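This briefing goes through one protein chain, from the whole to single residues. Look at the sequence and the model before reading on.

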Amino acid sequence: NLSTLSLRAVASKGILFLDFAVGAGYDKYSSDLSFDWQLRCQTNSCRAATGGTSDLILRPSKDGITAAPVEGELETAAWNVFGDVALNFLMLNIVGELGYQKSTDVIGLDELRAANLKDQDLTKEDLKGGRFFGSFGVRIQL
């Protein structure tokens, strides 16, 4: 159940064979989630600890083990700005775009540490902010 809301505002101007555009946008993504896991006891010591059964269903919770799967809704949002330049030659169009996107719901290092996740340099870098993006396209009109 993934849903996306994308809003864009764009201003553009064409001069001879050149087109210029600048814009800004907002994206909101949401999805339902549900997960759990099952542990299979294959060793004799594991079966002895579970009273002889080979299937022991364990599900995560804040307290340790719970009888219900984890369910909820995952949401994130981001804003972006971008600029386009296009060259129009009768049947051939060439377009380039550069932009920047930044999340509005950034997870901080304190939240990761509270979840007992390892503090890594890659994680620190990923949480610093947004990302630049670019694209290039060619269209032939017949």
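Accessible areas come from the Shrake-Rupley method with a 1.4 Å probe. By that method the chain exposes about 10,700 Å², and carbon and sulfur atoms supply 60% of this area. The model is a predicted one.

**The chain as a whole**

- The chain holds 3 helices and 8 strands.
- Read from the N terminus, the order of its elements is β-β-β-α-β-β-β-β-α-α-β.
- Of the 142 residues in the chain, 13% are buried.
- Among contacts with a separation of 6 or more, 58% are between residues 24 or more positions apart.

**Asparagine 80**

- Asparagine 80 lies in strand S6, which covers residues 70-89.
- Asparagine 80 counts as buried because its relative accessibility is 4%, and buried means under 20%.
- Its side chain makes a polar contact with the side chain of aspartate 27, at 3.2 Å.
- Leaving out residues up to four places away in sequence, asparagine 80 touches several residues, including Arg8, Asp27, Tyr100 and Phe133.

**Two leucines with positive phi**

- Most residues other than glycine have a negative phi.
- Leucine 16 has a positive phi, near 55°, and sits in the loop between strand S1 (2-15) and strand S2 (18-35).
- Leucine 16 counts as exposed because its relative accessibility is 84%, and exposed means over 50%.
- Leucine 90 has a positive phi as well, near 45°, and is found in the loop between S6 and strand S7 (92-103).
- Leucine 90 is exposed, with a relative accessible area of 84%.

Methods:
Residues are numbered from 1 along each chain as its sequence is written. This is a predicted model: local features need pLDDT of at least 70, side-chain atom pairs count only at pLDDT 80 or more; totals for chains, interfaces and linings use all residues. Side-chain values use heavy atoms; hydrogens and water are left out. Helices (H or I, at least four residues) and strands (E, at least two) are DSSP runs, numbered from the N terminus. Buried means under 20% relative accessible area, exposed over 50%, partly exposed in between (1.4 Å probe, protein chains only). Contact means heavy atoms within 4.5 Å. A polar contact is a pair of N or O atoms within 3.5 Å; within protein, one must be able to donate a hydrogen and the other to accept it, and residues adjacent in sequence count only if both atoms are side-chain atoms.
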